[in-house]
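Morning, everyone. I have one structure to go through today, and I will keep to what can be read off the model.

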Amino acid sequence: MVGKASLSCILAAVLLVSPALSSNVKGVAPEKQALYQVSGNTWTCLDKSKTIPASAINDDYCDCPDGSDEPGTSACPNSVFYCENKGHIPSYIKSYRVNDGVCDPECCDGSDESSGLIKCDNICKEVGIQYRKHKAEMDAVLTSGVSTKKEWIEYGKSKMAELQIEKAKLEEQIAIMRTELGALEKIEEVAREKEQAARDSAAPVTVVKTDSKCPPCKVSSDSAAFKISSLRNHIKTLQEEVDELLTILHDMKRDHNQNYHDMAVKTAISGYDEFLVDYDIIKTERQEDVDEENIVEQADDAQEEEQDFTNEVVEEDTDPVVKEAAQGNVVSRITSAFVTKLEKLLPAKVKEALPSILLNVDEAERLQQAASKASDAVREKRNDIGTKENDLNGVNGKLNKDYGRDLEWMKLENECFEKDEGEYVYSICIFGGAHQKSNRDGANTNLGSFEGYTGSADNSSPEYYNKQLYSRGTKCWNGPERSVKAVFECGAKTEILEVTEPEKCEYQFKMRSPAVCPLIATKGEDETEARVIHEEL
Ligand code: MAN
């Protein structure tokens, strides 16, 4: 306050205080002391709005609109007070906290309370020791977190590069497989057409040896089983006819008039006797040959042998045309095995008709099998393409996922973390889901699935990746679907520090992770500069 004292008195006062004013004005940082240098006995407010007597500085009366004349008192509400805090870190507090009867922790040297209202000890030494210890620990965490984060970034980069290569490989494989599929579809189409044409023209094939005594030998199916069955029936018929003839001869031998020398009868009877000697042997052999199990067994052997042959060929050569050829070969070899077997069993008349019967049947069967092999190959190729496409979708999903500014989150994908909070064990799997498991009954409640980052609205700001939202969990009774906000701070490892439920069924996971450690150095802040961190000034 500019008093009414005489000019000489003011001058004397200024001369007395001016060395103090210019060297150490209370509440002013050393680097700003120069601003309080007086010229003559006046001083100009820092906003240059007013010139006041030098004695008005810190006189507990607010003269300057910007409050700059009262840095060491609480007179100006818009002023700030500097605490030197020797032994710790200097600090500023708002002026209204000066001489308010409270020892402010920010001014550990007690300099904010000099009015005598309260005595504040200087505890800066102890505070400084504790602070430096804590800071050293935090620096170690930061150093470790940053180094882990850098490793994760490298991991993310190389994983992404691998995925790009895998993507290109899968795309190329799928393109080749599609071309192969096209060729296989063509083969299938042709095979089906041939098969259909054979069916149309072969309906039902009847081969009859009209000049033979053999009853009509019908083949009206394209299956080998059918052929065997019809030939067996035919043999049975022949056998019955032979037996009937033998009965006639037997009766004739028994009943003929032996006194009547009919040469024809005698020749027939002697031929019958000769035949009977060999007949039992022939009959037994034939029965063995016709026996169904024998035929099936031998046919199976032939088929097994052919299957081995096919496997060799098909495995070694993926060319579908070769495959098809191999399958065709099997058909014809199986058929020829049947033919050999059947030939042994057949009467001569039937044998004569056999080649033409089998020719038609074999062809139809071969075509049908070739067509079904072609369809199998098409189906198999489509399945293989489907599998590759799924793989490609997975790879693309990862390539398009937001793993952070520098891919630092990729390493944590599907990593899970737990925290026992007494009543419940809470868990979270990064990019997966969050759960709440009751320690009482083991009930596991879904708290939500990863939705995105919510650290800030702007995804280019560093804070954006510091929060994650897990949503659409199990609906709360009479409330919303459960959800989790995971809030991360820098740490040497990823962990859940604390879980709270600030609103019903809305959970907050306080977490640490190297993923959010700042890459720009925050260490070694200039401790000679006062921190204005405790309050918004
Ligand atoms: C369960 C838990 C709690 C939740 C209530 C809501 O007890 O999921 O966290 O608050 O349900 O009814």
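I will start with the chain as a whole and then move to the ligand.

This is a predicted model. The protein chain has 537 residues, and 36% of them count as buried. Its secondary structure comprises seven helices and 14 strands. As for how the chain contacts itself, take the contacts between residues at least 6 apart in sequence: 49% of those join residues at least 24 apart.

For Tyr507, an N or O atom of the side chain is 2.7 Å from an oxygen atom of the ligand. For Gln436, a polar side-chain atom lies 2.8 Å from a ligand oxygen. For Arg482, the distance between a side-chain N or O atom and an oxygen atom of the ligand is 2.9 Å. How much of the ligand's accessible area does the protein cover? On its own the ligand has 310 Å² of accessible area, and the protein covers 69% of that.

To recap the ligand site: Gln436, Arg482 and Tyr507 each place a side-chain atom at the distances I gave from a ligand oxygen. That is all I have.

Methods
Residues numbered from 1 in each chain as written. Predicted model: local features only at pLDDT ≥ 70, side-chain atom pairs only at ≥ 80, totals over all residues. Heavy atoms only, no water. Polar contact = N/O pair within 3.5 Å; in protein donor to acceptor, adjacent residues only side chain to side chain. Areas by Shrake-Rupley, 256 points an atom, 1.4 Å probe, with all protein chains shown as cover. Helix = DSSP H or I, 4+ residues; strand = E, 2+ residues; numbered from the N terminus. Buried < 20%, exposed > 50% of the residue type's maximum accessible area, 1.4 Å probe, protein only. Contact = heavy atoms within 4.5 Å.
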